[in-house]
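The following report describes a protein structure for a reader who is new to the subject.

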Amino acid sequence: MTQYQTLAEVVKKEQIAADIFRLTLRAPEIAGCARPGQFVMVRAMAGIDPLLRRPFSIHQVSSEGNIQILFKRLGKGTTLLARLEAGEQLDLVGPLGNGFDLNGPGKVCLVGGGMGIAPLYFLAREFLRQSIPPRLTVMLGARTREELVTVANDFKDLGVNDLSLATDDGTLGHHGLVLDLMGRQMAREDQWSVYTCGPHPMMKAVAEMARQNEWLCSVSLETMMACGISACLGCAIPRAGLNGNYLHVCKDGPVFDAGEVAWL
Amino acid sequence: MAVDKPGLSVKIGDISFKNPVLTASGTFGYGREFEPFVNLHRLGGIVVKGISLEPRRGNPPPRIVETAGGMLNAIGLENVGVQRFIDEKMDYLRGIGTRVIVNILGDSLDDYSLLAEKVSGVAGISAIEVNISCPNVKKGGVAFGTDAGMARAVTEAVCSKSAIPVIVKLSPNVTDITAIAKAVEDGGAHAVSLINTLLGMAIDIRSKRPRLANVVGGLSGPAIKPVALRMVWQVANAVKIPVIGIGGITTAEDAIEFLLAGATAIEVGTANFVDPSATEKIVNGIEQYLIANKMENINQLIGGLRI
């Protein structure tokens, strides 16, 4: 498992919605070995406030040695990241974590919500590149059209033909949840492998639907995390079952079989 | 005369370290986690994650929260237990070619004695660091490290079973840290390391809930450095045994401050999370400082504070 610490130059910054940004970063070593579902720990600047790195899933990797991260401006860390301009540098550690297993049985459905869409783009590209599943279905949800439209178009451009969208306010696609789309479009009798990333309540519901239908379900989780390399043990989540043990998102994940996780 | 290779080695007990830069327990895993980022051979020593007799699961999440210039943690001493540590982690650590210090923790004096006995004979372990910030279950859960008598008793229990140097890691959550330091010196400790984390808390004002599931946690990082430095200086003046300085050390300049205050060595903690190559940068920075100041030996720096 190869990991790097590198100073990456910002190649491009895109503001794709009021508070959503996409950074393209020059990081050839990381781009050269990253797998879909892995993440990087990002430090936007020197100084001690904010102190800690922030984890971001890898949104895209290019053959020219660039990676992309997609994020919403929420707190101190993401505000600093959003201020970066092309030509500036930031410190990256990665690629970290296990990544998705692309060899799920049956039909493949990617279910993303909000910023959880980020790693699914890299995953969709790999599925299409390796022509693994017979058919690739993608369902994406967000609050508004503005938050969803740019990334949804990227999936179309990638060649995802079976793409369904949902927004909370009904401004793009189905007025409601991605979960409604799953219920309508995924026949219970079919065998599916579901790959999901998004807000915790969404993933919990997706995991429950998959459990009821006996579909395989991979979830990509996010937690507070100080190091990303399994030194701090801060990213513990409860493991399914009654033994009270914990999983660590950075090392055991961030991708888990939905059945391994205690969905509290 | 130009100095191109200043002497960096320091001594604790009868053990010499190639330089004074160690890793703080609980911030460097079992060493291997940092192999991609640090030349581990370059470090003075690795203090591994605290080990108990039996494996511990640790606390429920959330276990960490970022605060101004630092972080709070309540990991709950999650570890693989002493037997798995020896069986699974020591082979790798022995191969690095740097000193390995094992941090031990327990609920009773018996736990500490048994741990010292188990650890002290293992090839490749150079010293024991005793975490006395744990609650003494038999004495109503009062931390060993907050009572001079209990701190001395733990030190004696470990020293009586250990053939290798014993370092006692002191809690800053006391009225007079020099009293505890003197008690563990009297108990036979070969060195003290300080400070462990400062007890703190943070509240989410929207949910009105504590940000840590454990409610309170240990504050670490640059925010605690001035407090740590003051305590190291006080303890260095109060005891004759070597002092290892810990607390918010992020750069070589920080480390040099602790050495000037009287620390024989230092441990780098939270900085490892922020910059996984911090330790190696600090070794290099101390070396450059000695060269720039025409010092031939690190001992010319230690305790060099002018008042």
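Contact means that heavy atoms lie within 4.5 Å. With neighbours up to four places away in sequence left out, T264(B) touches V10(B), K11(B), I12(B), P20(B), P242(B), V243(B), L259(B) and I302(B). T264(B) itself is found in the loop between α6 (252–260) and β18 (265–268) of chain B. Helices (H or I, at least four residues) and strands (E, at least two) are DSSP runs, numbered from the N terminus. T264(B) counts as buried, at 14% relative accessibility; buried means under 20% relative accessible area, exposed over 50%, and partly exposed in between (1.4 Å probe, protein chains only).

This is a predicted model, in which local features need pLDDT of at least 70 and side-chain atom pairs count only at pLDDT 80 or more, while totals for chains, interfaces and linings use all residues. Residues are numbered from 1 along each chain as its sequence is written, chains are lettered from A and ligands numbered from 1 in the order in which they are written, and side-chain values use heavy atoms, with hydrogens and water left out.

**The interface of chain A and chain B**

The contact takes 30 residues from chain A and 32 residues from chain B. Between them the two chains bury about 2500 Å², 64% of it on carbon and sulfur atoms. Buried area is the accessible area (1.4 Å probe) that two parts lose on being put together, summed over both.

Across this interface the rule finds one salt bridge, that is, a side-chain nitrogen of Lys or Arg within 4 Å of a carboxyl oxygen of Asp or Glu. The side chains that meet in a salt bridge here are those of E66(B) and R54(A), at 2.7 Å from N to O.

On the side of chain A that touches chain B, β1 (4–17), β14 (236–238) and β15 (246–248) of chain A each supply at least two residues. The largest share, three residues, comes from β14(A). By class, this side has 18 nonpolar, eight polar and four charged residues. Ala, Val, Leu, Ile, Met, Phe, Trp, Tyr, Cys and Pro count as nonpolar, Asp, Glu, Lys and Arg as charged, and the others, Gly among them, as polar.

Over all chains the structure holds 25 salt bridges.

| Salt bridge | N to O distance |
|---|---|
| E85(A) and K13(A) | 3.1 Å |
| R22(A) and D154(A) | 2.8 Å |
| E126(A) and R129(A) | 2.9 Å |

E85(A), in the loop between α2 (76–83) and β7 (89–96), and K13(A), in strand β1, are 72 residues apart, and their pair links distant parts of the chain. E85(A) is partly exposed at 43% relative accessibility, and K13(A) is partly exposed with a relative accessible area of 24%.

R22(A) and D154(A) are both buried. Together with E14(A), R22(A) and D154(A) are linked in a network of salt bridges.

E126(A) and R129(A) both lie in helix α3 (residues 117–129) of chain A, three residues apart, about one turn of the helix. An α-helix has 3.6 residues a turn, so residues three or four places apart point the same way. E126(A) is buried, with a relative accessible area of 8%, whereas R129(A) counts as exposed at 58% relative accessibility.

**Two helices of chain A**

Which residues of helix α5 (residues 178–185) of chain A are buried? They are V178(A), L181(A) and M182(A). These residues lie on the same side of α5(A), because they cover an arc of only 100 degrees around the axis; the arc is that of the directions from the helix axis to the C-beta atoms. The face turned away from the buried side carries the exposed residues G183(A) and R184(A).

In α2(A), the residues G77(A), T78(A), L80(A), L81(A) and A82(A) are buried. The buried residues of α2(A) pack against β1, β2, β3 (39–43), β4 (54–57), β6 (66–72) and β7 of chain A.
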